[in-house]
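Thanks for coming. I will go through one model this morning, and you can follow along on the screen.

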Amino acid sequence: MSRNSGNKYIGAFLVMLFALLLNISVFAATGKYEAAVKIPVRVTLEGEKASSEEVTIVMTPLDDAPAFDQTSLKVQAKKGETVEAEFTRTFTEPVDFRYEIRETAGTTDAYTYDDTVYTAIVFVENDPETMGLKASVVKVYKDDDPGTKQDAAIFINRYCPAEIDPPVKKVVTNDSGTAPDTAKFHFTLKAEDKTFPMPAGSVDGAKTVEAGTGKVEFGKIEYEKAGTYTYKIYEEKEDLSNFTYDTTEYTVKAVVEKKAGVLTATMTITKGTEAVDSIEFNNHYGEKKEETAPAETQPANNGSSSGSSSEPKDNRKKHEREETTDPGGSVLGAVRDAIENGPVGQVLGAARDKIEESPIGQVLGAVRGATRTGDNSFMMISAICFLTALAVMIGWVMAFMKKRMNGM
C-alpha cells in the first residue's frame, strides 16, 4: 500500500468519526428538547344553601393550535370550596399558541353559572442553559383583554333560587266590646301539588301557623326550577267566643322563569276572580247581650179593692167552674152545686137575704160605701166584719135547727 493510499483511508476514517460524534450530540440534545405545559382551572360554588354541582370546563384551540390532552374537564364544585383542575400538554418545539377556556352552564336552574371567557397564551422557547425547551410564559386573561392577566382560569358559580313570601295580614274588627289581646288564630298555606316547594316546617304539602292580629308569617318559598306553582291560603274555623271568622280563600300563583341566566319568580294573588295586592283576613268580635224576662202585666183595678175583680160574682163562679177541667175540679164543682142546691145552701141564702135586708146589712152597705170612698178606718172594718160573721153563724144555726125540728 502506498503512502498516499494510507492517507486517504485515514481521512475517510476521521470524517466518519466526526459524523458519528455529531449524530450522538444531536440525539442527546433531542432527548432534552421538550416542555410540559399546564393551564390550571379553579371552580368555586357560593350560596347559603348550595350543596354541590358538577360543571364542565371546555378548552378550544385558536388559530390552528394543536389541542391539549384534554378538550374538557369535569369539576365537582362544592359549597364554600375552591376545586382545582388543569389542562396539560407536552411540546417538543418552540410554539406560540392561543386557546379559549369557558364553563358550560349546568342544568340546575337555581345556579347562576359564571359566563367568563378566558384566553390562554402558550409560549414555548429554546432554553440556552439546558439546550432544551421551556414554557416561559403561560398566562390567561378575561374576555380577550390582555390587561387582566392571571395564572388560572377562575369560575365562580352562585346558588340563587327564586323566592316568594306571600304578604298575609290579620285584622279584628270590634263590633261591640273589645276583643282580648290573647286571642290566637290559625292560617293554612296548602300547595295544589304536594311536590311543590314549601316553606320550612311544612308537612305533606301544607303548613299551618298561629298568630294574633298583625302580620302572619309562613316563611319564604324557594324555587330551584322554572315552572308554575299554585297555592291556597285560608283561615281555620275555631270556637272562640264572640268571634265571627273570615271565610275568604285566596289563590297564590308563582310563575318561575330563568331570564338572562337568573331564576326569577312572579307572584299573583286572587280573591275569587278578583286580583288583589295582599292577603287580609278580617274577623269580627261582638259581645252578646243578656236577654231579660218581660214584667208581668197586672190587671186593671178600676177603682175596686186590691185583689178584687170587676166581673160579677156569679159569672166569676161560672168561669171558675168552666176552667176547672181536671177530675179534682169536677168533684169540687159537684160538691159546691150540691151544697148550694141543698138545705144548707137554702138556709145560707135565706140568712144572707135577711142580713142584707136587716139593719146590719144596711150598716154593711154603708161600710162598703165608706170603704170605697176612702174611709179605711181599721177599727170600724174589724168590728163590722166580726158582727157580720156572728150574724151569719146565728142565722145558719137557727135555720138548721128549724129544719131539723120540722123533719121530726
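Predicted model: local features only at pLDDT ≥ 70, side-chain atom pairs only at ≥ 80, totals over all residues.

Residues are numbered from 1 along each chain as its sequence is written, and side-chain values use heavy atoms, with hydrogens and water left out.

Helices (H or I, at least four residues) and strands (E, at least two) are DSSP runs numbered from the N terminus; two strands pair if DSSP finds at least two bridges between them.

An open sheet is built from 6 strands with antiparallel pairing, in the order 14-13-17-19-20-21. Its edges are strand 14 (206-211) and strand 21 (274-276), each pairing on one side only. Inside this order, strand 17 (residues 227-235) pairs antiparallel with strand 19 (residues 249-259) over 8 bridges. Look at G227: opposite stands V256 in strand 19.

The other open sheet has 4 strands, ordered 15-12-22-18, and its pairing is mixed. Here the edge strands are strand 15 (214-216) and strand 18 (243-244). Strand 15 runs antiparallel to strand 12 (residues 168-176), with 3 bridges joining them. K169 has K215 in strand 15 as its bridge partner.

Now to the last item. Is M398 buried or exposed? M398, in helix 6 (residues 378-407), counts as exposed because its relative accessibility is 56%, and the cut-offs are under 20% for buried, over 50% for exposed, partly exposed in between (1.4 Å probe, protein chains only).
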